[in-house]
Amino acid sequence: MDSTSICEMTALQMRAEIAAGHLSARDVVQAHLARIEQWNPKVNAIVTLDAEGALKQAARADEAQAAGKPLGLLHGLPVAHKDSFLTAGMRTTYGSPVFRDFVPTRDSLPVERQRAAGAITLGKTNLPEFGAGSHTFNTVFGATRNPYDRNRTSGGSSGGAAAALATRMLPLADGTDMGGSLRNPAGFCNVVGLRPSPGRVPNVPTAAPYSTLTVAGPMARTVGDVALMLAALAGPDARDPLAIEQDPRRFLEPLERDFRGVRVAVTMDWDGLPVEPAVVQALQAQIEVFRKLGCVVQEACPDFGDADGAFQALRAQQFAIGQGDTVRQYHDKVKQTVIWNTELGWSQPAERLVHAERERAALFERMHAFMQDYDFIIGPVSQVAPFLVDEEYPLAIDNMPMLNYIDWMRSAYYVSLTGHPAISVPAGFTASGLPVGLQIVGRYRDEWSVLQMAHAFEQATQFWKQAPTL
C-alpha cells in the first residue's frame with residue numbers, strides 16, 4: 001500500500017489495518033512523514049517535527065504488538081499536539097517569542113492520555129500567540145494557510161491542527177476551545193472539531209481550574225474519528241475539580257441512530273448576529289438533509305441576552321489569570337491583542353464580573369428551557385468564510401463594524417458561554433470554493449447525541465471527502 005493510500009484512510013481504518021497486521025506503525029508514520037514533507041511547506045501547519053523520535057516510537061509500538069501486548073485505542077496512529085499543550089522533552093512555545101525555546105518536563109493531560117493510548121507523537125501544530133484569536137499567525141513561526149486557498153487563513157486557534165488534518169498530514173489532532181478555537185478552524189478547513197462539555201476532557205495543568213470557558217477536545221476528518229479520539233481523551237481525573245465522572249468507552253459504540261421525530265432548531269444568525277451571505281447560502285442548502293433524516297425542523301433560537309458582555313468580561317478575567325505575569329514581565333514581546341485582553345481583565349470593575357455571572361446563569365436557565373423543546377440547535381460555526389491571511393481579523397461583517405479582534409466569532413462564543421457541547425462538521429463550500437462548517441449544539445453534557453447527529457449529517461453529505469489539492 002502506497003503512502004497516499006495510507007494517508008487517505010480514516011483513523012478508524014488505519015487502526016483496524018494495524019490491528020489486523022496489514023500495516024505496521026512504521027508504515028503509517030513513514031507515510032505521514034512523507035505527506036508532511038510534501039504539504040507542510042505550503043501551509044505551515046506543523047511547526048515542530050521530530051521524525052526520528054516518531055520512527056523510534058513506531059518501532060517500539062510494532063515490537064509491542066509482535067510480543068502480543070494489548071493495543072491501545074490509538075495504537076500506532078500519528079498525532080501532533082497543539083503548541084499550547086505541554087510536551088515533555090519537546091518545545092512548547094505557545095506561539096510566543098517569550099517561550100521560543102521553552103522545553104517542558106511534563107505533559108499536559110491530553111498529551112499524556114494520547115501517549116498512554118499508543119499514539120505516536122510527530123510534533124506540534126501552530127496557533128496564534130497564546131491561542132488569542134481565531135486566526136493562526138505568530139512572530140515565531142508565521143501564519144498557517146488554508147489548504148483550500150493558501151491566500152486565506154486556516155482559522156484558529158487550533159488552525160495548525162485543522163490544516164494538518166485537511167491535507168492528510170495527520171489522521172487525528174487535539175486542540176482547545178474558549179471562543180471557537182476547535183470549531184472555527186474545523187469549519188474553515190473542512191474537518192470536524194468538537195467542543196466538549198467542561199470537564200469531559202480534564203484540564204490539567206491550568207491556572208484556572210474552575211473556569212468553564214476553555215476546554216480541550218478532539219479534531220479529525222470524520223465524526224467517527226473524533227469519537228475515537230474523545231474516547232482516548234475523556235474520563236475523570238482527580239486533578240480537575242470539574243472532571244465528569246463518566247466512562248469514556250461510550251464514545252466507541254456505533255454512531256448510527258434513527259432521527260425520525262427529533263426536533264431541530266435552525267438559526268442562521270444566532271439571535272441577530274451579522275453573517276456573510278455566502279455562509280448563509282451554503283448552509284441553507286443543507287437544511288433539507290435534516291428533514292430527509294426525519295427531523296422536525298423549525299426556525300428558532302434561544303435568547304442570548306447579553307452573552308457578548310458576559311463572555312468578554314469572563315474572557316478578560318481568564319487572560320489576566322493566565323497571561324498576567326507574562327504581560328507584566330515581557331510587555332514589549334507580547335502581541336497587542338493579548339495585552340489588551342489582559343489589561344481589560346485587570347481594569348474591569350467588579351460590577352462587570354457580577355453582571356457577567358448573572359447573565360451566564362440566566363442564559364443557562366433559558367438554554368435549558370429551550371432545549372426541552374428542541375433536541376439540537378444548528379447554525380453557522382463562523383459568521384464569515386475564511387478571510388485573507390494577511391488580515392489580522394475581519395473589521396466588518398455585512399457592513400457591521402467589529403469592535404475587537406474576537407467580535408466576529410460571537411456565533412461560536414455565545415455557545416461556549418452556555419457550557420453545552422457543540423461540533424463543527426463540514427457542510428459544503430461557498431461559490432468561490434471556501435469551506436463552510438455547520439455547528440450542531442446538543443443538550444447539556446450530551447456529546448454522544450451531538451456525535452450521532454453529526455455522523456448522520458456527514459454520512460448523508462460526504463463533504464469531508466473533498467480534499468484540497470497541491
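Predicted model: local features only at pLDDT ≥ 70, side-chain atom pairs only at ≥ 80, totals over all residues.
The largest pocket has a computed volume of about 930 Å³. Its lining comprises 39 residues, and those nearest the centre of this pocket are Ser-84, Tyr-94, Phe-130, Thr-214 and Gln-323. Two elements, the strand β6 (172-177) and the helix α11, each give two or more residues to this lining, and the largest share, amounting to eight residues, comes from α11. When the lining of the largest pocket is divided by class, 18 residues are nonpolar, 17 are polar and four are charged.

Helix α11, which spans residues 307-329, also packs against helix α12, which spans residues 336-347; the two axes come within 6 Å of each other and cross at roughly 110°. Because crossing angles of 65 to 115 degrees count as roughly perpendicular, α11 is assigned as roughly perpendicular to α12. On the α11 side, the contact is made by Gln-312, Arg-315, Ala-316, Gln-317, Phe-319, Ala-320, Gln-323, Gly-324, Val-327 and Arg-328, while α12 contributes Val-338, Ile-339, Trp-340, Asn-341, Thr-342, Leu-344, Gly-345 and Trp-346. By class, nine nonpolar, seven polar and two charged residues take part in the contact of α11 with α12.

Two or more lining residues are given by each of the helices α2 (11-19), α8 (223-233) and α15 (447-461), with α8 giving the most, namely four residues. The lining of the second largest pocket divides into seven nonpolar, six polar and four charged residues.

Two of the helices that line this second pocket, α8 and α15, also form a pair whose axes come within 9 Å and cross at roughly 155°. Since angles over 145 degrees count as roughly antiparallel, α8 and α15 are described as roughly antiparallel to each other. In this pair, Val-223, Val-226, Ala-227 and Leu-230 of α8 meet Glu-447, Leu-451, Ala-454, His-455 and Glu-458 of α15, and by class the contact has six nonpolar, one polar and two charged residues.

Methods. Residues numbered from 1 in each chain as written. Heavy atoms only, no water. Axes fitted to C-alpha atoms, helices over the stretch in contact; angles between N-to-C directions. Parallel < 35°, antiparallel > 145°, perpendicular 65-115°, else oblique. Contact = heavy atoms within 4.5 Å. Nonpolar A, V, L, I, M, F, W, Y, C, P; charged D, E, K, R; others polar. 1 Å grid on protein atoms, 1.4 Å probe; cavity = no way out; pocket = protein on both sides within 12 Å on 5 of 7 lines; lining within 4 Å. Points joined across faces, edges and corners; volume = space filled by probe spheres on them.
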